[in-house]
Amino acid sequence: MESVKHGANYVSESVQQATRGTSKEANKEVAKDSDAPIGTRASAAKDAVSDKAHESKHDAKAEGHKQQI
């Protein structure tokens, strides 16, 4: 039963990791867009850094759950 719980948590963390990765890439593109206002670009760059941190956190959690399956 415990392995089912870890399996579900692994899937959940993997999905969250993928979502953050997609968001990070989108924010990187906005930050690079020279047609976007500087405030928008700066905010997107900040968000990309935050997304990268969360992506790494979810990756570590997913790996932990995977090891316990």
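This is a predicted model: local features need pLDDT of at least 70, side-chain atom pairs count only at pLDDT 80 or more; totals for chains, interfaces and linings use all residues.
Helices here are DSSP runs of H or I with at least four residues, strands are runs of E with at least two, and both are numbered from the N terminus. With that convention stated, K24 is found in helix α1, residues 2–32.

Residues are numbered from 1 along each chain as its sequence is written, and side-chain values use heavy atoms, with hydrogens and water left out.

Let me begin with the overall form. The protein chain comprises two helices and zero strands. Its C-alpha atoms fill a box of roughly 55 × 15 × 10 Å along the principal axes. The radius of gyration, taken over C-alpha atoms, is 16 Å, whereas a compact globule of 69 residues would have a value near 11 Å; the globule rule is 2.2 Å times the number of residues to the power 0.38.

How much of the chain is buried? Of the 69 residues, 22% count as buried, a term that means under 20% relative accessible area, with exposed being over 50% and partly exposed lying in between, for a 1.4 Å probe and protein chains only. Turning to contacts, defined as heavy atoms within 4.5 Å, I note that among those between residues at least 6 apart in sequence, 68% join residues at least 24 apart.

I now return to K24 in helix α1. K24 counts as buried because its relative accessibility is 14%. Setting aside residues up to four places away in sequence, K24 touches A48, D51, K52 and E55.

The next residues belong to helix α2, which spans residues 38–67. Which residues does H58 touch, beyond those up to four places away in sequence? They are E13, Q16, Q17 and R20. H58 is found in helix α2 and is buried, since its relative accessible area is 6%. The side chains of H58 and Q16 are also joined by a polar contact of 3.4 Å. By polar contact I mean a pair of N or O atoms within 3.5 Å; within protein, one must be able to donate a hydrogen and the other to accept it, and residues adjacent in sequence count only if both atoms are side-chain atoms.

S56 also lies in helix α2, and it is partly exposed because its relative accessible area is 38%. S56 and Q17 are 39 residues apart in sequence, yet 7.4 Å apart in space, C-alpha to C-alpha.

Finally, R41 has its place in helix α2 and is partly exposed, with a relative accessible area of 25%. Apart from neighbours within four places in sequence, R41 is in contact with V30, A31, K32, D33, S34 and A36. R41 and S12 are 29 residues apart in sequence and 30 Å apart in space, C-alpha to C-alpha.
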